[in-house]
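Here is a short briefing to read alongside the model. Please keep the sequence and the 3D view open as you go.

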Amino acid sequence: MMPDLFDSFPLRKARVHEACGAGATGFAAIAAARAASDVLWIHETWRPEVLNPVGLSAFCDPAKLLVAQVNNQLEALGVAEETLRDGAIPLVVIELSQPLSLTAGRRLQLAAKDGGTTGLCLISEEMGSNAAETRWRCAPVFDAQDSTLMAWEIIKNKAGTLGIWHVRWDRTSRRLDVVSPVGERPGSARASG
């Protein structure tokens, strides 16, 4: 039996989690929407992609999104640790460019616990930290009728089971829906054949 997505999402508070894959930014945007409060997004200035808060307006109020531009990962970790420990901002998203050491990962976990806040590290597939509470692999799913589909797979979970879900973000209601995989929906070629 497949575990319930909502046993693991929204992300557990007072912990630091990881997301990887082509849909990791969308995962973070939905986590920000679920936080329904201020979010700090930490971004290294040398990276070619730039976060546009207005681009996330389908998920959350851009006025509640604070973007911290830092020079390197060391600065990113320092800002994240202090913000997590402070507890004033309930969600801190950190774009990481290098793997975390176990010590750095533990420092973030302790800071999140102290502040009662949630951290989310956006990482490359091979960069997972042993200190992460959960790790999610997120990818878009092709469907000619719906461009909002994503596959979320929890590939590490210290507090529960692993699983994979197909999800859709409903812009109008600002709600996350779990949906059947494309080939298993009524009217699809595989379901009817």
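Is W136 buried or exposed, and why? In this predicted model, W136 counts as buried because its relative accessibility is 0%, which falls under the 20% cut-off.

**Aromatic pairs**
- The structure holds 8 aromatic pairs.
- One of them joins F9 and W136 edge-to-face, at 6.2 Å centre to centre and with 75° between the planes.
- This pair links distant parts of the chain, since F9 sits in the segment before β1 and W136 in strand β6 (residues 134–140), 127 residues apart.
- F9 and W136 are both buried.
- W136 also pairs edge-to-face with W152, again at 6.2 Å centre to centre and 75° between the planes.
- W152 is buried, because its relative accessible area is 0%.
- A single aromatic cluster takes in F9, F27, W136, W152 and W165.

**E153 in strand β7**
- E153 belongs to strand β7 (residues 149–157) and counts as partly exposed, at 26% relative accessibility.
- Beyond its neighbours within four places in sequence, E153 contacts R135, W136, R137, G163 and I164.

**The largest cavity**
- The largest cavity has a volume of about 40 Å³.
- Its lining consists of V16, E18, L100, G105, L108, C121, S129, A131 and A132.
- The elements giving two or more residues to this lining are β1 (16–20) and α3 (102–115).
- By class, the lining has 6 nonpolar, 2 polar and 1 charged residues.

Note on methods
Residues are numbered from 1 along each chain as its sequence is written. This is a predicted model: local features need pLDDT of at least 70, side-chain atom pairs count only at pLDDT 80 or more; totals for chains, interfaces and linings use all residues. Side-chain values use heavy atoms; hydrogens and water are left out. On a 1 Å grid over the protein atoms alone, a cavity is a set of points where a 1.4 Å probe fits but cannot get out, and a pocket is an open set with protein on both sides within 12 Å along at least five of seven lines; lining residues have an atom within 4 Å of a point. Grid points are joined across faces, edges and corners, and a volume is the space filled by probe spheres set on the points. Helices (H or I, at least four residues) and strands (E, at least two) are DSSP runs, numbered from the N terminus. Ala, Val, Leu, Ile, Met, Phe, Trp, Tyr, Cys and Pro count as nonpolar, Asp, Glu, Lys and Arg as charged, and the others, Gly among them, as polar. Buried means under 20% relative accessible area, exposed over 50%, partly exposed in between (1.4 Å probe, protein chains only). Contact means heavy atoms within 4.5 Å. Rings of Phe, Tyr and Trp (its six-membered ring) pair if their centres lie within 6.5 Å; planes under 30 degrees apart count as stacked, over 60 as edge-to-face and the rest as tilted.
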